[in-house]
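Colleague: I would like to learn how to read helices and their packing in a model. Please take me through a case.

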Amino acid sequence: MKIRKLKKIIFVIILLISLALKSLGSPASSNDTEDIVTGHEHEQINLHLWHPQYQEKCYFSDRDNVRNTNIETIKKLLTLLKKEPIISNYLLSFSKKKNTIVCIDERDDETRGYYDFKYNIIGLKDHLELFEKLIILVHELRHICHFNKGYVNSLDYDIDEIIRMNFAIEADVQAIVTLYAWRMKEIDINEVWNAIYGFEHYFDIAEEFEQEIKRSKDEMKATYAAFVQWYKSEWRVDK
């Protein structure tokens, strides 16, 4: 099998930050929940394999399920997400193309959330507080952007390059999450910024972002500083 080297992967991922900031798009629609679209395609995948009670866990915009106690939570998250319309509109444009749905997962697997590309589901852990869920939602939406651009693990690539790619992707995701939280803080929704400090292994990224933006008054420089800071934790690069 021919192995293709990803020689420019770090450079490309860093560029994603710049492109995202320059082309995030116009403000989102006034309909706060329309970006999570119909679930019919997902049911063909057989979501019962993801969770036997998936209809009580997942939000579908084309139906109401009186048994689903998570609908209001997910609607609140989408409403909060769009309080900062530029980044949210950009991120949701990718999930809308893929027809991704958002689900609340009560199962304990030591994660806060995930994007399951097999079922095309964003899973948010039930035990999280609302603003913690929001942070994880932004995190996973950014992963969908990468997935849509073709940044996925593959045996076509050298394993060392895959590792470098995954590091760069995670650094980029956390940098964008931090930028989003800062913009929410700027419009007096401080709970998002405060919540990001509650994540033990990631608050240093927010600290670095805040120091740089206070120093330079430049979002791009602060976002890049957050990207670089991701690599400075042994826990993150070792895990």
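This is a predicted model: local features need pLDDT of at least 70, side-chain atom pairs count only at pLDDT 80 or more; totals for chains, interfaces and linings use all residues.

Modeller: Residues are numbered from 1 along each chain as its sequence is written, and side-chain values use heavy atoms, with hydrogens and water left out.

Colleague: Why does the distance between the end C-alpha atoms of helix H4 agree with its 14 residues?

Modeller: Helices are DSSP runs (H or I, at least four residues), numbered from the N terminus. The expected span is 1.5 Å times one less than the number of residues. H4 covers residues 85-98 and should therefore span 20 Å, and its end C-alpha atoms are 20 Å apart.

Colleague: Which residues of H4 are buried?

Modeller: An α-helix has 3.6 residues a turn, so residues three or four places apart point the same way. Buried (under 20% relative accessible area, 1.4 Å probe, protein chains only) applies to Ile87, Ser88, Tyr90, Leu91, Leu92, Phe94 and Ser95. Just after H4, Asn99 has a positive phi of about 60°.

Colleague: At what angle do H4 and helix H5 pack?

Modeller: Two packed helices are described by the angle between their axes and the distance between the axes. Axes are lines fitted to C-alpha atoms over the stretch in contact, with angles from 0 to 180 degrees between N-to-C directions. For H4 and H5 (residues 130-148), the angle is about 60° and the axes are 9 Å apart. Contact means heavy atoms within 4.5 Å; among the residues that meet are Tyr90 and Phe94 in H4 and Leu141 and Ile144 in H5.

Colleague: How do H6 and H9 cross?

Modeller: The axes of H6 (residues 159-186) and H9 (residues 219-230) come within 8 Å and cross at roughly 135°.

Key: Helices (H or I, at least four residues) and strands (E, at least two) are DSSP runs, numbered from the N terminus. Buried means under 20% relative accessible area, exposed over 50%, partly exposed in between (1.4 Å probe, protein chains only).
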